[in-house]
Amino acid sequence: MAQWDRLRQLPAVYRQQLHELYDRDALPMDVRHYLSTWIEKQEWRRAARDHDLAVVLFQVMLENLDIQHSRFVQEESFLLQHNIRRYKQNFQRYLDDPCALASTILWFLEKEKEILQSADLAEQVQFLCVEQEAMETSSQQDLERKMAGLRNEVQCMEHTILCLEEQQDEFDFKYQTHKMEAVVDEAVKKEKIQFLQLLVNRLNECRKSTLSDLNKLLDRTEDLIDILVKKELVEWQRRQQKACIGAPDNVCVDQLEKWFTCVAVCLFQVREFLGKLDELVGKVSYDNDPVKAQKPILQRRVASLLKDLLKSSFVVETQPSMPQGKGPLVLRTNVQFSVKTRLLVKFPELNHSMKVNVSMDREAPQIKGYRRFNVLGTKTKALNMAESQSGGMVADFRHLTLKEQKSGGGGKGISDISLSVTEELHIIYFDTVFELKGLLVELQASSLPVVIISNSSQQQSAWASVLWFNMLSQDTKDVMFFANSPAASWPQFGEMLSWQFLSATKRGLNDAQLEMIAHRLFGKKQNYDTCKVAWPKFSKENTPDTFWVWFDGILVMVKTYLEDLWRDGHIMGFVSKGKEKSLLKKKQRGTFLLRFSESVIGGITFSWVETTINGEPDVKTVQPFTKVDLSQIPFQEIIRNFQILEAENIPENPLLYLYPNIPKDEAFGKYYSEKSGNDSSYIKYIKTKLVFVSKENTMEARSPMSSDMAQGEGLEPMNGLCGEAAG
């Protein structure tokens, strides 16, 4: 099924993400929709680097827009005619740089894939975590019951207040009547006064009972606020932290919004009840009136509960991110980023009335060299229901940038602690004022700590900091975290590494792959659960080839060139050379496996088993292939066409069975670019078929060249056969 069709069939929460993606101006959703088939068939990745191809695609796109416009003219779709014409005019800005258009469309297509992967992952997690979800569902059902109980109590209180008013009106009527009557008989007069006193006593008891019920109602409300603020919101914030670093956690806040709004509405109704009591006391009061004594206390308590709830209800729904960054929470100076805030208490009457202001680092640490930044762009927006597909109260900031302050940058700090640029953590703050029905509360939300870079070369290191912080820290305002960063336990660390593959490729790491990584870090152990990874071991030791550089190099290579092979489980990947050898020696001749290089950054190799003349198994390995190789020829074609020259100079492909015993063509056939010989796009591109021929006695790899390649249009020989020392 086409990618666009799959996206349109996703559940509502993921369609919302799609709508938010196409809220941007760079690629209108109408264009994506009407040209979907054509867009998905083009080689945008190559066009982003190939100016000639980009020009062709740019012209064809404009022609397609013209065709679409003509169709709308025939259908008399006036609005769509106007929109398509406007879109075409906007695309003219790419006339001098069509590669930028290709990059933009490629970025949107990749983000669409991420949404599809998230949906697939959520489905998998739902399937695999039935018991956990049952617990969560049970917890939610319990909370729903408590919410229903609160709403019921408020309705009962409304009825109680009406009954109290009727009882007071009855007393007031009889009292006023008694005052107007001229009763001479003292016995009758005494009897009437006693009756009125009885009514006053009943009224007093009713008022006491009402006040007691109000206190109980506030007790229930306070308990619910504790659950919402100290449990549900905290758990959501932790899920958001983990989701930022790849965990397949649900971070939708629609349910939280319903609960927060329910409690807020009930508290405002209690305020109205207290106002009604004040009105009743103004009509009828007496000595030791309990309302006069207790109402101020109740009013203060309601105000306090409302403020606690409201201050917790203003959150950052979508953390700061750059359009084409490595991940959220890594920002670059002078590059636009977006961030979205949301008020979980939804009152439609406040739509567009609450202004949100953005600022930075209000309480920046006074440490040596700590940089400070100014926020530029549209720094004030109103909370509104138009920018959220679910109708939530959001302020979506899409065009913010950061600029480093030239003076007062923290160089004279009182502390000698020094952090690297990518260990500096900064917080973005959002302020607004809630004002409704006489209640005014100042609200503030803050982002998770962001890492601010000035050069794209710092992205990898910055993302390492984001991973480490959000894996370990639950204090989301701890900007001094890296001054004394804690170590990660192996279970935490391994799970985080798996998330990186899971979010990028839809397939995480299995136990065997994680065990190989643990062995690389800690050596051979029976159990790694008590092992710990320190921050320097993760990202600083053995610079520049740190553990993170090695791991991320593999991840980028897989995401860019090997995603399908990895997702379908054809790449064993993380397996040591020793383990590889022991696995292959037990298999039939021609069995091979694919593993990542332990020494070459972003390298992948394959090894296979042969049989010596003595009948002994012999494992051979090729030099690792890197992005230089894979950008020119797909890895499955390298596997398909790899050959070695036997003693008789007869080329032979030694790769017969993918471990454990899958015939090569059965495993990789569906990925082959070429079915009949000359139809492959890469063959047309390089003018010839590049076959890896390894000659055992010279340990060299040769690349047969056609005559035009010999004149400089072809590829250099890339990989050769080597011994077990290969990475």
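In this predicted model, Gly-377 has Leu-400 of strand β7 as its bridge partner. That pair belongs to the contact between β5 and β7 (residues 393-404), two antiparallel strands joined by five bridges. Both strands are part of an open sheet of four strands, whose order is β1-β3-β7-β5 and whose pairing is antiparallel. The edges of this sheet are β1 (314-321) and β5 (373-377); each has a single partner strand, so one side of each lacks a neighbour in the sheet. From one strand to the next, the twist averages 35°.

Strand β8 (residues 428-436) is largely enclosed by the rest of the structure, because seven of its nine residues are buried. Strand β4 (residues 355-360) pairs with β8 in the antiparallel sense, over four bridges, and here Ser-359 has Tyr-429 in β8 as its bridge partner. Strand β8 also pairs with β9 (residues 439-446), again in the antiparallel sense and over eight bridges.

The next topic is a pair of helices. Two packed helices are described by the angle between their axes and the distance between the axes. For helix α14 (residues 490-505) and helix α17 (residues 547-567), the axes come within 9 Å and cross at roughly 35°. The crossing of α14 and α17 is right-handed. On the α14 side the contact is made by Phe-493, Leu-497, Gln-500, Phe-501, Ala-504 and Thr-505. The residues of α17 in the contact include Phe-547, Phe-551, Ile-554, Leu-555 and Trp-566, and also Lys-559, Glu-563 and Arg-567. Sorted by class, the contact of α14 with α17 has 10 nonpolar, two polar and three charged residues.

The cysteines remain. A disulfide is a covalent bond between the sulfur atoms of two cysteines. With a cut-off of 2.5 Å between the sulfur atoms, the count of disulfides is zero. Two cysteines show how this comes about. The sulfur of Cys-163 has its closest cysteine sulfur in Cys-206, and the distance of 7.5 Å is too far for a bond. Cys-163 is partly exposed, with a relative accessible area of 32%. For Cys-262 the closest cysteine sulfur is in Cys-266, at 4.5 Å, which is also too far for a bond. Cys-262 counts as buried, at 10% relative accessibility.

Methods:
Residues are numbered from 1 along each chain as its sequence is written. This is a predicted model: local features need pLDDT of at least 70, side-chain atom pairs count only at pLDDT 80 or more; totals for chains, interfaces and linings use all residues. Side-chain values use heavy atoms; hydrogens and water are left out. Two strands pair if DSSP finds at least two bridges between them. Axes are lines fitted to C-alpha atoms, for helices over the stretch in contact, and angles run from 0 to 180 degrees between N-to-C directions. A crossing is left-handed if the near helix is turned anticlockwise from the far one by less than a right angle, and right-handed if clockwise. Contact means heavy atoms within 4.5 Å. Ala, Val, Leu, Ile, Met, Phe, Trp, Tyr, Cys and Pro count as nonpolar, Asp, Glu, Lys and Arg as charged, and the others, Gly among them, as polar. Buried means under 20% relative accessible area, exposed over 50%, partly exposed in between (1.4 Å probe, protein chains only).
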